[in-house]
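Have the viewer ready as you read.

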Amino acid sequence: MKPLEIKKGIYWVGVIDWNVRTFHGHTYSTPRGTTYNAYLIVDEKIALVDTVYGPFAGEMIERIREIVEPGKIDYIIVNHVETDHSGALPAITKLCPGAKLFGTEKCKEGLYRNYYENWDFCVVKTGDKLKLGKRTLGFLEAAMIHWPDSMFTYCAEEKLLLSNDAFGQHLASSKLFDDEVDECVLMDEAEKYYTNILWPFSMIILRKIEEIQKMNIAIDIIAPSHGILWRKDPAKIINAYVSWAKNETTKPKAVIIYETMWQSTAKMAYEIAAGLISSGVETAVFDIALSDRTEVIKQMFNAKGFIFGSSTHDNDMLPVMAGFLKFLKGLKPKNRRAAVFGSYGWAGGAVKNIEELLKESGIEVSVPSISVKYRPDKNELTRCFDFGKEFAKKISS
Ligand code: FEO
């Protein structure tokens with residue numbers, strides 16, 4: 001694929017990672033692949049904004065070479081230290097040893113701890129500017145969106161916001177603009193990205209968007225470092241972020257997440273779901289041991305209610321559920337209600353320990369939990385059905 005000129009003299013020189021299937025270790029599933037977007041701005045001075053994941057350095061360098069010799073790069077803007085964007089720095093800086101790097105103080109520290117190189121690095125803060133010639137780059141610190149070092153770069157002359165991870169999506173595509181891809185797929189991936197990566201930082205994101213709106217800057221294109229660029233209506237994704245950050249999309253919906261050994265807990269889950277559905281509540285059910293966690297989290301994001309169930313094993317919940325609840329705790333969900341159920345053979349433990357983890361996570365358990373010995377009988381299944389109806393009332397009010 002050739003470099004793509006996104007504005008006169010500004011080129012996408014990133015790479016498409018068609019076959020990556022998990023991200024951030026294995027915490028995020030990427031069934032549609034991803035891209036690592038890097039941008040080359042050719043002016044009197046030449047600036048590279050971000051790089052790509054290290055194994056793809058050669059591909060990015062070849063793409064740059066189609067425009068200029070890499071040795072002519074004067075500046076490298078490092079919006080974010082995470083290695084999916086900085087991984088090609090060792091390779092590219094070898095080709096342009098005179099280039100100066102720009103980023104936040106935390107970025108400088110993070111780059112050193114990742115690469116142990118003494119690059120010529122200029123620390124920048126919000127409001128600092130770098131003149132390239134006809135164009136000037138402005139910097140805007142964006143700490144915790146989503147790492148302490150994160151930063152946005154803005155080019156006023158081109159009305160171009162280079163937002164790094166913010167507004168990104170894990171979506172590999174040969175078409176790079178929002179008006180060239182399926183809008184439903186794009187928004188689905190953008191929401192999945194927000195919920196699994198940015199959800200805990202919602203208040204920070206709201207404040208940052210307010211700060212940008214107060215700056216009254218014009219934006220023609222938002223160019224993130226993953227996935228598709230927003231040019232059709234950049235306000236659409238900004239407004240979506242505001243809505244997500246304010247929890248405006250939550251609705252009376254319940255997501256049941258369970259893990260089962262011999263199907264007793266599964267039977268309970270289905271009866272609880274039947275109770276919810278009979279009350280008119282939108283309901284989704286996942287056996288967490290068989291499900292894509294990234295997708296489950298996305299399904300939970302617009303749900304007011306979460307219901308967790310597990311069989312007891314060694315006096316505790318089953319292990320996939322334990323890992324899932326730990327992951328959920330890290331996402332710091334706010335204003336959600338929960339309920340708990342489970343089964344056991346001789347001594348319980350799963351229900352109590354799920355309740356404790358939810359308490360630690362700040363999620364309120366809204367109805368008394370149900371625990372069943374061995375297999376649920378007819379009366380217990382009726383209790384499960386009623387439990388679903390009772391929970392439906394809690395999330396419908
Ligand atoms: Fe896409 Fe935080 O790196």
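The largest pocket has 18 lining residues, and Met261, Thr312, Tyr344, Gly345 and Trp346 are the ones nearest its centre. Helix H8 (264–278) and strand S20 (337–344) are the elements that each give two or more residues to this lining. The model is a predicted one: local features need pLDDT of at least 70, side-chain atom pairs count only at pLDDT 80 or more, and totals for chains, interfaces and linings use all residues. Residues are numbered from 1 along each chain as its sequence is written, and side-chain values use heavy atoms, with hydrogens and water left out.

**Pocket and terms**

- The volume of the largest pocket is about 320 Å³.
- Its lining comprises six nonpolar, 10 polar and two charged residues.
- On a 1 Å grid over the protein atoms alone, a pocket is an open set of points with protein on both sides within 12 Å along at least five of seven lines, a cavity is a set where a 1.4 Å probe fits but cannot get out, and lining residues have an atom within 4 Å of a point.
- Grid points are joined across faces, edges and corners, and a volume is the space filled by probe spheres set on the points.
- For the classes, Ala, Val, Leu, Ile, Met, Phe, Trp, Tyr, Cys and Pro are nonpolar, Asp, Glu, Lys and Arg are charged, and the others, Gly among them, are polar.
- Helices (H or I, at least four residues) and strands (E, at least two) are DSSP runs, numbered from the N terminus.

**Cavities**

- Searching the whole structure turns up two cavities of 30 Å³ or more.
- The largest cavity holds about 40 Å³ of space, and its lining has eight nonpolar residues, no polar ones and one charged.
- Among the residues lining the largest cavity are Phe152, Phe167, Lys208 and Tyr241.
- Helix H6 (residues 202–215) gives the most to that lining, with four residues.
- The second largest cavity has about 30 Å³, with three nonpolar, four polar and three charged residues around it.
- Its lining includes His24, His146, His170 and His226, along with Glu82, Asp84 and Asp165.

**Helix H6**

- The 14 residues of H6 reach 20 Å from first C-alpha to last, close to the 20 Å expected at 1.5 Å a residue (the expected span is 1.5 Å times one less than the number of residues).
- Ser202, Ile205, Leu206, Lys208, Ile209 and Ile212 are the buried residues of H6 (buried means under 20% relative accessible area, exposed over 50%, partly exposed in between; 1.4 Å probe, protein chains only).
- Exposed Met203, Arg207 and Lys214 sit on the face of H6 turned away from its buried side.
- After H6 comes Asn216, with a positive phi near 55 degrees.

**Helix H7**

- H7 is largely enclosed by the rest of the structure, because nine of its 12 residues are buried.
- Among those buried residues are Pro234, Tyr241 and Trp244.
- The cover over the buried residues of H7 includes H5, H6, strand S16 (221–224) and H9.

**Asn302**

- Asn302 sits in the loop between helix H9 (293–301) and strand S19 (303–311), and is buried at a relative accessible area of 16%.
- Beyond its neighbours within four places in sequence, Asn302 is in contact with Thr249, Thr250, Lys251 and Lys253 (contact means heavy atoms within 4.5 Å).
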